[in-house]
Amino acid sequence: MALPLQEPPLKSGKEKLNLVSDGSETTPLFLEKRSTKTSDIFRSAMETMEHKSRRTKERLTTEFRNALEGVEKKKQKTKEILSKATTEILHAMEDKDQKTQKRRVLGKVGRVIPADAVPRFTEPFAYNATCGSVLEMLFFQRFWIWLSKKVPVWIMPCTLTYTGLAINIICCSILIHYSSDGKGEVPSWVFYLCAFNIFIYQTIDALDGKQSSKLQETQLEEISDHGSDSLSCTFLTLSISIALQLGNCPQLMLAFQIVNLLAFYSTHWQTHVTDVVVFGRIDVTEVQCCMIATHLITGYFGQSIWHYRVDLLCIEIRYLLVMISIAATLLATLGNLRIISGGKTPLDVYVQLPRKHGLQIMYPFVPISCWTLLMLLSCYTTNLFNTSPCLFCITFGFAFSKLLIKLQVSNLGKVDCDLMDSVLVAPIMLCLNASLCLVPEHTALLSALVFTLMDFLRHVTYLFWDICDLQDVKVFTLKYPLGHPKNKAGSRGIYMNGLNNEQIISRIAKEEKQRKQ
């Protein structure tokens, strides 16, 4: 009988681990060795990877460092090249400036400035003046000083100057539009506008000098200021003549125009001799205030107010006012002539400034006397002043302005004044036309105006180009900012305005003491 098959008994977990190594069974020692070997392989692989990573990192760091060093070397090389190029450019500019300066000093740049005056126009400008009239001391000088602090630094002095001139020309043109012959009626609002215009012009004329000392004070600003004032003198005198309707008395209107312009010229003639602008106790400010009052009264009461007769003197008010004005202006002119002939200026008490001597001080008399004579001849040999007094005065006004500007150039350049000028050609042709009757009188007057205006503008344009080249400045913009070594700001002369007299006197005494030591 066959015995039943018996399944082998199941082994426990512990027994399964006790297997022999020759066949299907394994011992725990083998597993431990196998695990240790795997750990060693993994550790070896990690060390290898870490070593490669370290080498890669070192290689990348070295390459990055080399790249940075290369960039720094290129940057340093580029900087050296730029520095060398900049130095060469600066040297070239300095050489060019020196050559240009030498050429200017030799007189090869001047278009209208005389060759012997060019060196003076390359030097810093010094403005010497004494002022302090009654109204200035009472109010205006303090008002102008306060207002000058409110003017922005981006507004150039010449911008202020030519703004005032433009306002004067516009207002006078409106008056001429209504009364071209100086006899017609003008609306009241025009006189109010003229009064306001004179106040604005007066303020601007005071501010441009103070703005000049802040930004740029050169011969350019000096000529612009006084050249514009010479034209404004013509237009303002003409506006008063129209307000008073002096066209009804041409001789008085002509005398009024000539005397005012001659007084203005005598002031600059005296400056040409003494190098000091002298203002009196009753001067321009008071005259301008009288003009404002005249326009306000005319606007309120009408032009007929000036036609009332003064029974005691049997003369109309307008004629009396003009005669008083002419007498006062002649007295001021005589005062200037006294200084020209050797009289002392207010500054001579404190400091001795060089002045002209000899026959040369009389040279400015020649062109202005020719201008006056030609104006009188043109007036009395033709009927132009009776028919077109305003156009006649404007024509001779531009001629006068050019003569005054040339006198200023002579003063600033420390040279003798020219005896004749091309601007007198038009007045001469007017006198010749009166004798020869070549063209109608009105056509001749218009031609004279065009010629005079073109000659005036040409001269002024070339003069400004010369000064801008010689002084290295611009007219309506600041070429070098404040603080730059080439900036022309600051007052270098002696300017006594009545409020700073003690400071100026103290400074003069201190400089004189240092000079003696």
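Reader: Which residues are linked in a network of salt bridges?

Author: Lys402, Lys406, Asp418, Asp421, Asp455 and Arg458. A salt bridge here is a side-chain nitrogen of Lys or Arg within 4 Å of a carboxyl oxygen of Asp or Glu. This is a predicted model, where local features need pLDDT of at least 70, side-chain atom pairs count only at pLDDT 80 or more, and totals for chains, interfaces and linings use all residues. Residues are numbered from 1 along each chain as its sequence is written, and side-chain values use heavy atoms, with hydrogens and water left out.

Reader: How many salt bridges does the structure hold?

Author: Twelve.

Reader: What does Asp466 form a salt bridge with?

Author: Its partner is Arg111, with 3.0 Å between the closest N and O atoms. That pair links distant parts of the chain, 355 residues apart: Asp466 lies in helix α15 (residues 441-471), and Arg111 in the loop between α2 (28-105) and α3 (118-121). Helices (H or I, at least four residues) are DSSP runs, numbered from the N terminus.

Reader: Is Asp466 buried or exposed?

Author: Buried, because its relative accessible area is 0%. Buried means under 20% relative accessible area, exposed over 50%, and partly exposed in between, using a 1.4 Å probe and protein chains only. Arg111 is partly exposed, at 42%.

Reader: Changing topic. Which residues form the nonpolar patch on the surface?

Author: Val425, Ile428, Met429, Leu432, Leu436, Leu438, Val439 and Phe451, with about 700 Å² of accessible area together. Patches are made of residues with over 30% relative accessible area and no salt bridge; like charges are joined within 9 Å, and nonpolar side chains (Val, Leu, Ile, Met, Phe, Trp, Tyr) within 5 Å. Areas come from the Shrake-Rupley method with a 1.4 Å probe, and for residues only the protein chains shown count as cover.

Reader: Where does the largest share of it come from?

Author: Helix α14 (residues 425-436), which supplies five residues. Ile428 is found in that helix.

Reader: Why does Ile428 count as partly exposed?

Author: Because its relative accessibility is 34%.

How values were computed:
Helix = DSSP H or I, 4+ residues; strand = E, 2+ residues; numbered from the N terminus.
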